[in-house]
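Entries follow in the order I looked things up.

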Amino acid sequence: MHYGHFDDEAREYVITTPHTPYPWINYLGSEQFFSLISHQAGGYSFYRDAKMRRLTRYRYNNIPADSGGRYFYVNDGGDVWTPSWLPVKADLDHFETRHGMGYTRITGERRGLRVDTLYFVPMGENAEVQKVTVTNTSDVAKSATLFSFAEFCLWNAQDDQTNYQRNLSIGEVEVETDSPHGAAIYHKTEYRERRDHYAVYGVNAPVAGFDTDRDTFVGAYNGLGEAAVPRAGVSGNSVASGWYPIGSHSLEVHLEPGESATYTFVLGYVETPADAKWAPADEAAGIGEKQRINRGPAHELLARFATTEQTDAAFEALREYWTSLLSTYSVSSTDDKLDRMVNVWNQYQCMVTFNMSRSASFFETGIGRGMGFRDSNQDLLGFVHLIPERARERILDIAATQFPDGSAYHQYQPLTKRGNNDIGSGFNDDPLWLIAGVAAYIKESGDVSILDEQVPFDNDESLAEPLFEHLTRSFRYTLDHRGPHGLPLIGRADWNDCLNLNCFSNEPGESFQTTENQAGGVAESVFIAAQFVLYGAEYAELAERRGLTDVAAEARAAVEEMRAAVLSHGWDGEWFLRAYDFYGNKVGTDEKPEGKIWIEPQGFAVMAGIGVEGTDPTTPEAKGSPALRALDSVNEMLATDHGMVLQYPAYTSYQIELGEVSTYPPGYKENGGIFCHNNPWVIIGETVVGRGAQAFDYYKRITPAYREEISEVHRLEPYVYAQMIAGKEAVRHGEAKNSWLTGTAAWNFVAVSQYLLGVRPGYDGLVVDPQIGPDVPEYTVTRTARGATYVIHVTNSGTPGARGSLVVDGVPVEGNEVPYAAPGSTVQVDVTL
């Protein structure tokens, strides 16, 4: 069932009904100011930190699900409606939402009046711009009143929802009906004390009225759908004092048949220096000292959008930004779903995860988590090719939250860039992800100088060391924290936050991730062991390239020792074990009735090359290799039509020695859910062993564009990945949850761009090694790398196990690496597979 369609030429997803199975959202903003917006105009805006600098209020866990946003109401001769459908829910003659790259356009039409609103955050601005065009589509003149609405949050989003005894007395606003370019409302709550920032909501036209008090606008006991002021058809001109501040302007619109009127509304964030917070006193105007905010910076902001031409130019600049960004990697094939995901939506989602990490979505409230150490390093794998200079900055921010022993804060706050003490450390996979992120950055950029950057430990400059020393501490931390089998200790958890082998919690509400009731230095992770083999080899390579041959040799020896430990102690006979628990018992073994096989070590071990010897699928001895046996077990036990489940069978009762993983109902989240983040590890593993057809089949099962046909089952957006899809033991198998902010975005882009399509950066050149099976017989990848452009045409026979032969600029070459060319040059690569 379809609720819309892709417009590939416009790079948009077009939603043609408000009645999607769940609110389908988009993100606005690329730098410091961000907004979430649903197809019904729900969502909120914030500056940098969704918890500490929230501009507008949104109500999670509410009925209806999408409650609160930036709305426009129309009173057309007493007929009141909203072009976004919500919140009034009046029937519309036409509805359309277009989610594009950093913008959303919502159009609603009723009884001959069409309202088209373009929402976007311009480049270089800390503001959301709302361009509203009202058109009379009837054959008679129309007179209507347009009301805007935004409800201000009192900055700290968590305190805003809890501290009512204070918050219901602090709301303050200023109203300016004679702004230099129209009218403006200023949200200055707490500005009189310690804040040096305020919000402004302005419009570039004369207004008929305004409201800043929510109770006046909405009316006692009303919801936003029956708001009193729009139904009355006239603003109350209310001034909030304490209570709930809002921003609303009313405009009288008179249109002849076919005529349009366009207005630009701007919701902005303004900071002022401490010595310039206030306007000068003006006794004649009755303005005393520190009584009126310094509106100058807001006036400058509003002046930049005073005309429609200025707004249109800003929007065009945004579109050009995304065109340039997305030109770094593109594919042209006969599979339109593949092309749209690779060229547009997957890369777009990677940029959103760069900005948001796991902090603010319609499943993450923006108050619970900051930036993840593990998350941000993995996210970097998906966006480093787009913005390498910002990836560099991100790496240095992440590394600064590492401890001197090589461990790290699990999360840090984006506003302060300091570690989050509430979550702390002890997630023993964290250190190795830093090596992954740095290696990916250097391969992409060639910038080895980053390894010499002085980076503090725990944000203490007196402890600063070169970044390479941080990588050394990461590597050593794993070596220095091994258990009885020579495998890495799991700590509080590894990649799977819900596998808590040292928690042993019987206390309701106790955190599984931050509680260690019986830590004993025994619980080991096979996943971290595989991670160490993969990224330990990268560390050794970086050491070798720095001339540290002894360090590199020692690292490689340690990697081989870990590889042997995995094969000796991490193999269960037909698949890799997941872990050893606190008592030294196996986790992920055929010996147990539940949780027999887990997906994480199967994919990651094969990615790391563990047990891959003799995996040529054309030879009979291949079946004996651990890699192929593990992958075959995945296909037999974990694969479903909707993706691969995390483990099977799911746990049917609470296993205290395993922790949170067994608290979920079977088939959801980490307990047998399809945790999409780790599916790409198996996809990549299948390409490593030469089974491109199987890899591409797995890819299509979880990729949203291929799931659009079953949107009534999937429920979430058909243009971005979800973190989780309900597994085969769930009540609603195939239903997705937690869209947008997931490492699935980065890892699936790595899987499809670097392994299925087979174009990935190496230290000295582009590696071209496609493995995609017969479904895509021919395609062309255009890839920009280090200033040169590579046009890579692949002719694919689909032969199982076949590897590509390369012709570079007409000359056949050995191997699969194309040396980096001079910046500005174009290289033609022809591949026969």
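**Helix contact.** I looked up which residues of α16 meet α20. On the α16 side I found P680, W681, I683, I684 and T687. On the α20 side they meet W747, N748, V750, A751, Y755 and L756. Contact here means heavy atoms within 4.5 Å.

Next I took the geometry. Helix α16 covers residues 679–688 and helix α20 covers residues 744–756. Their axes come within 9 Å and cross at roughly 10°. The axes are lines fitted to C-alpha atoms, for helices over the stretch in contact, and angles run from 0 to 180 degrees between N-to-C directions. I therefore logged α16 and α20 as roughly parallel to each other. Angles under 35 degrees count as roughly parallel. Helices (H or I, at least four residues) and strands (E, at least two) are DSSP runs, numbered from the N terminus.

**Ground rules.** I am working on a predicted model, where local features need pLDDT of at least 70, side-chain atom pairs count only at pLDDT 80 or more, and totals for chains, interfaces and linings use all residues. Residues are numbered from 1 along each chain as its sequence is written, and side-chain values use heavy atoms, with hydrogens and water left out.

**Salt bridges.** How many salt bridges does a search of the whole structure find? I got 58. The criterion is a side-chain nitrogen of Lys or Arg within 4 Å of a carboxyl oxygen of Asp or Glu.

I checked K443 with E538: the closest N and O atoms are 2.6 Å apart. K443 sits in helix α10 (residues 430–445) and E538 in helix α12 (residues 526–545), so this pair ties together parts 95 residues apart in sequence. Are K443 and E538 buried or exposed? I found both buried. Buried means under 20% relative accessible area, exposed over 50%, partly exposed in between (1.4 Å probe, protein chains only).

I then checked R783 with E444, whose closest N and O atoms are 2.8 Å apart. R783 is in strand β37 (residues 778–785) and E444 in helix α10, so the pair ties together parts 339 residues apart in sequence. R783 counts as buried at 3% relative accessibility. E444 also counts as buried, at 6%.

R556 lies in helix α13 (residues 549–569) and E541 in helix α12, 15 residues apart. R556 is partly exposed at 33% relative accessible area. E541 is partly exposed at 23%. I also logged one network, in which salt bridges that share partners join R57, R59, E151, D160 and R214.

**Backbone.** I looked for cis peptide bonds. The bond from L86 to P87 is cis, with omega near 5°. P87 lies in the loop between β8 (79–81) and β9 (94–100). The bond from Y648 to P649 is also cis, with omega near -15°. P649 is in the loop between β31 (647–648) and β32 (674–675).

Then I turned to positive phi. W243 is not a glycine, yet has a positive phi of about 50°. W243 sits in the loop between α4 (228–232) and β18 (245–255). W243 is partly exposed at 45% relative accessible area. K417, not a glycine, has a positive phi of about 60°. K417 lies in the loop between β22 (411–412) and α10. At 27% relative accessibility, K417 counts as partly exposed.

How values were computed: Parallel < 35°, antiparallel > 145°, perpendicular 65-115°, else oblique.
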